[in-house]
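Here is a note for a colleague who is opening this entry for the first time. The points below are meant to be read with the sequence and the model side by side.

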Amino acid sequence: MSAKFIGNISTRKLHILQYADGRCKIKLIRAENKKEFNSLEEAMNYPDKDHPIFSKCGNCFKKMEIEK
Ligand SMILES: [Zn+2]
């Protein structure tokens, strides 16, 4: 199973793989800053639910809202 969500530890942004485009700069995320998740819940509770580091990317998450 491939990852649905990609977190950039450097920018602390979470992206949806399906909706990500050039503005998300997924390809520019260095391997050591890239964290993959299969669920949104898992991603938003990383590294633990009391201290999450990721916020939703305004680009790909917005595209998902529009297409819903
Ligand atoms: Zn994005």
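**Notes on the model**

1. The structure is a predicted model, in which local features need pLDDT of at least 70 and side-chain atom pairs count only at pLDDT 80 or more, while totals for chains, interfaces and linings use all residues. Residues are numbered from 1 along each chain as its sequence is written.

2. Lys34 counts as partly exposed because it has 14 C-beta neighbours inside 10 Å; a residue is buried if 20 or more other C-beta atoms lie within 10 Å of its own, exposed if 12 or fewer, and partly exposed in between, with C-beta atoms placed from the backbone. When residues up to four places away in sequence are not counted, Lys34 touches Ile6, Asn8 and Ile29, a contact being a pair of residues whose C-beta atoms, placed from the backbone, lie within 7 Å. Asn8 is 26 residues from Lys34 along the chain, and the C-alpha atoms of the two are separated by 5.1 Å.

3. The four strands form an open sheet in the order E3-E1-E2-E4, with mixed pairing. The edge strands, each pairing on one side only, are E3 (34–37) and E4 (55–56). Two strands are said to pair if DSSP finds at least two bridges between them.

4. The pairings can be followed across the sheet. E1 and E3 pair in the antiparallel sense over four bridges, and Gly7 stands opposite Lys35 in E3. E1 and E2 also run antiparallel and are joined by four bridges, with Ile6 opposite His15 in E2. Strand E2 (residues 13–16) pairs with E4 in the parallel sense over two bridges, and here Lys13 stands opposite Ser55 in E4.

5. Is strand E1 covered on one face or on both? Both faces are covered, with Phe5 and Gly7 on one side and Ile6 and Asn8 on the other, and all of these residues are buried. As background, the side chains in a regular strand alternate between the two faces of the sheet.

6. E1 and E2 form a hairpin with four residues between them, and Arg12, in the loop between strand E1 (5–8) and E2, has a positive phi of about 65 degrees although it is not a glycine. Arg12 is exposed, because it has 12 other C-beta atoms within 10 Å. Even so, Arg12 touches Ile53, Phe54 and Ser55 when residues up to four places away in sequence are not counted. The C-alpha atoms of Arg12 and Cys57, 45 residues apart along the chain, are separated by 9.1 Å.

7. Two further backbone features fall in loops. Lys25, found in the loop between E2 and E3, has phi near 55 degrees, a positive value in a residue other than glycine, and Lys25 counts as partly exposed because it has 15 C-beta neighbours inside 10 Å. The peptide bond from Tyr46 to Pro47 is cis, with omega near 0 degrees, and Pro47 lies in the loop between helix H1 (40–44) and E4.

8. Which residues make up the largest nonpolar core? There are eight of them: Phe5, Ile6, Leu14, Cys24, Ala43, Phe54, Cys57 and Cys60. A nonpolar core is a set of buried Ala, Val, Leu, Ile, Met, Phe, Trp, Tyr and Cys residues joined through C-beta atoms within 7 Å. Leaving aside neighbours within four places in sequence, Cys60 is in contact with His15, Ile16, Tyr19, Ala20 and Cys24.

9. Finally, some totals for the chain. Buried residues make up 18% of the 68 residues, and among contacts between residues at least 6 apart in sequence, 61% join residues at least 24 apart. The C-alpha atoms fill a box of roughly 30 × 25 × 25 Å, taken along the principal axes.

Key: Contact = placed C-beta atoms within 7 Å.
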